[in-house]
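Hi,

Here is the structure I promised to pass on.

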Amino acid sequence: MKTELKNLDQLLKLSGLSSDFKKTVILLGEQEVSIFYYSTLIDAKWMQQHLILVLQNRSLDSEIKKIEDIKAWIPINDIEITDDLTNIQFKLLKGYAIVQLHENDQKCALVNIADNHGLRENNDTENEFSVVGPKVGFVEDLDTNIGLLRAQINLPNLIIKEIIVGTTSKTKVAIIYIDGLTNEQYIQTVEQRLTDIDIDFVFDSSLLDQMMSDNSLTPFPLFVSTERRDRVVYSLINGQVAVISDGSPYIVTGPSTLFDFFISAEDYYLPWILGSFFRLIRIFGVIFSLFSTSMYVAITTFHYEAIPKDLLNPLIFSRMNVPFPPFFEVLFLEITIEFLREAGARLPTKIGQTLGIVGGIVIGQAAVAAALTSNILLILVALSALASFTTPIYKMSNTIRFLRFPFIILSAIWGGIGIFIGVGFLFIHMIRLKSLGAPYTVPIFPLRIMSFKDSFIRSSFQILNKRPQHLRPKSSVKYLPKQVKQKNDLDEE
Amino acid sequence: MFMRKIFPVFILCAVLSACADPKIVNKICLVHALSFDTVANGKKSTALISQFKEKGKTELYVLHTESNSNLGAVSRLNTRTNDPLERGQLRMALFGKTSAEKGIGTEIHQFFRNPKISSRLQLGVVDRDASELLEIIKKTHDEPFFLSDMIEQNMRSGNLPLVNLHVSTFNYYGEGRDMFLPYFKIDHGEVRIDGLALFRSDKKIIEISMKDAFLLKMLIQNSKNGDYKVPVSGKESNKQGSEDFIVLRSMHSKANYIVNKVNPIPSISIRLNLVTELENAPKWVDLRSEEQLTQLEKTMGSYFKKEIEKFLSLLKENKVDPVGLGDLVRSRSKEWSAQDFEKIYQVIETSVSVQVKIANTGST
């Protein structure tokens, strides 16, 4: 992503699109000196004390003639006088301030007043872990979060648009996108929907998520919301829009597709074969989690002839003393698991661990011993609960856990046919969903063959050199595939 | 708007379809094997049912009923159990000798029609009353799938050609081919598969040994894993009366049929390719010598040729066609009819050539 800039003014104009790009004018004698900086990248106190105050004090007894004088005036070591535009752009985005003596001057001073990029002591991700890769997560402060993003995306085109949402709370909400890359349709949709929101209080970005969503009659989350920085950066450079509200460590990105929810940042840090394997495991886990218990109900209640002969004895034996029909047996265990999860999420961490032991061992063992459930079902329910947690985005794993129940009820009424009726309804519902007006089940429907490169499997970086076309980015090539892994052996030279 | 549309759909679905009839797996009584016999005063049906009492153990029960027809046997047996009898896990159907000779068409049709019955159901013929076999199974094994497992095991790693309800209905209803089923024999209270029972239409005509079953397997499909014993006479064992044997195991076989002529009398040449492994060879054979192996291959080839010709003439003599020669001719001629072919079946010309290759000489 490159933008051709001709002079300093153009750079300042482009940067000026973002709301965190600030201009301060100070008067030095007769002279108006402008200072430009990204407020999210610099240390405001440092700037106040060592730049503005010093300049003002010195101007009382001497006059600034040329830009080089600044170097002598300001007690900061890292000062550079330059008219090299690339350098200015690079340094500006690293937290330097531009000091411009006269308007339209090409030569300016770059003063290092960079903050340590908003990294606070404890901003590890709390809910979205990865073993490999960075653990940087967002915090509750909006400026810190934007600083975190700017620290990684070194582009003046990274635009941050702030708007105020909430009649009572007056929460600062920022729309983040890359200008000249993200499709304007999405930006306008997000902006329009956010400005149209008429709500008194915005507690969290997940509220914005619900307000913005295209369809509120769905259990599916229509936007990915994440606290991982690498995830947001990746969606921004792919041409998605991000929305963040002050006071929330979660950034909402969109438009999202169903597959985005099964992608973990770790897929990209592992070799592509392993990344693809883990992604397939995750998708299998979701399918298993959705259908295992309802299949159990269907088979034990209606389709006994489908049981393999070697499973017949264990299955019948495990159900022998259970007084309920399979439906109530499954419902009992599934609700128990939901109780456990809900209680575990609400309790303090230390008690939560105890609860896990009580729930897992005591209830599980006792329920089988008291012949309330069969132990085969116990394994199935535990596995499907486990599989539902493999989904990297928590909102989606909630959805999957919820969707199990309609399937169990359908399978209790109509057996296997009921499950297929349910699958039919689910598919019809899914292909009708839209996220910011973009189809939700892409690349399957509408079929986009090229987007399969990064859906079920994560292809190698040589193949992933283009942005996903279903996002309709304005520039599609990320890098040239041949240069990604160019290797020269020493003796080849 | 959305609810107004979707709500009637749900209501209609629920009202129109109602609930399916549940058959909870531990509240039904599973029938694992059925047998049909002809007795003096009508027909006798026997069912082998199981009850799961403790882990890994199954208790088997045998129920009998006698009536003038086999139809509705299971519903008659229902009057004797506490849970409803269900045939969905039926894996074996047996026919007594007399019953098989009188015809088993109605029973096959009944199985074929029932969607709950697996098309992998095994059918078999017993050399006496089939109910006796079920009694023996109940007494000696507590394994409900013993018989079907036995047949399947022999198909996979023995001489039995692939046969189940699916194959048998094809052979039975297909024109120009005849059905064959595994044939059980009871010896001193023990069960064994003695070979195949060959049918004409739905009536059993003859039975063949396991040795001939291998020939049939070779003629209709890949005879992988089948065993065969070939007598050889070598230079050093030229003493009178003594004969040595080679036991071979088929690794792969393929039969090619060429119809040379259709009218008026069809002539078919059969080319068999057999790749074998020697399980056992007489001491005097030097397995490392190329010449001797080539010699052996030739001897075995001509022995197989002789045996297959003998087998084919047996089939023609009895007017049964498990190989499907009629179907083969039908596929090459426009004016083929089952009646016409039946008349000339005994005189059709068949020539056999067998190519044996020894791929592996080590004993395994």
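A:D267 forms a salt bridge with A:R282, with 3.0 Å between the closest N and O atoms; by salt bridge I mean a side-chain nitrogen of Lys or Arg within 4 Å of a carboxyl oxygen of Asp or Glu. A:D267 lies in helix α9 (residues 266-269) of chain A and A:R282 in helix α10 (residues 272-301) of chain A, so the pair ties together parts that are 15 residues apart in sequence. Helices here are DSSP runs of H or I with at least four residues, strands are runs of E with at least two, and both are numbered from the N terminus. Both A:D267 and A:R282 are buried, where buried means under 20% relative accessible area, exposed means over 50%, and partly exposed is in between (1.4 Å probe, protein chains only).

Before you dig in, some housekeeping. This is a predicted model, where local features need pLDDT of at least 70 and side-chain atom pairs count only at pLDDT 80 or more, while totals for chains, interfaces and linings use all residues. Residues are numbered from 1 along each chain as its sequence is written, chains are lettered from A and ligands numbered from 1 in the order in which they are written, and side-chain values use heavy atoms, leaving out hydrogens and water.

Back to the charges. Over all chains there are 35 salt bridges. Another one joins the side chains of A:E80 and A:K91, at 2.5 Å from N to O. That pair links distant parts of the chain, eleven residues apart: A:E80 is in strand β3 (residues 79-82) of chain A, and A:K91 is in helix α4 (residues 85-92) of chain A. A:E80 counts as partly exposed because its relative accessibility is 24%, whereas A:K91 is buried at 14%.

There is also a network of salt bridges linking A:E334, A:E338, A:R341, A:E342, A:R346, A:R401 and A:R404. Within it, the side chains of A:R341 and A:E342 meet at 2.9 Å, N to O. A:E342 has 31% relative accessibility, so this residue counts as partly exposed.

And the cysteines? The structure holds zero disulfides over all chains, taking a disulfide as a pair of cysteine sulfur atoms within 2.5 Å. A:C108 is buried at 0% relative accessibility, and B:C29 is buried at 2%.

A:I363 sits in helix α13 (residues 349-369) of chain A and is partly exposed, with a relative accessible area of 34%.

Over in chain B, B:E132 is in helix α5 (residues 130-140) and is partly exposed at 35% relative accessible area. B:E132 and B:A100 are 32 residues apart in sequence and 15 Å apart in space, C-alpha to C-alpha.

Finally, the overall picture of chain A: its secondary structure comes to 17 helices and twelve strands. The C-alpha trace spans about 100 × 55 × 50 Å along its principal axes, and buried residues make up 50% of the 493 residues in chain A.

Cheers
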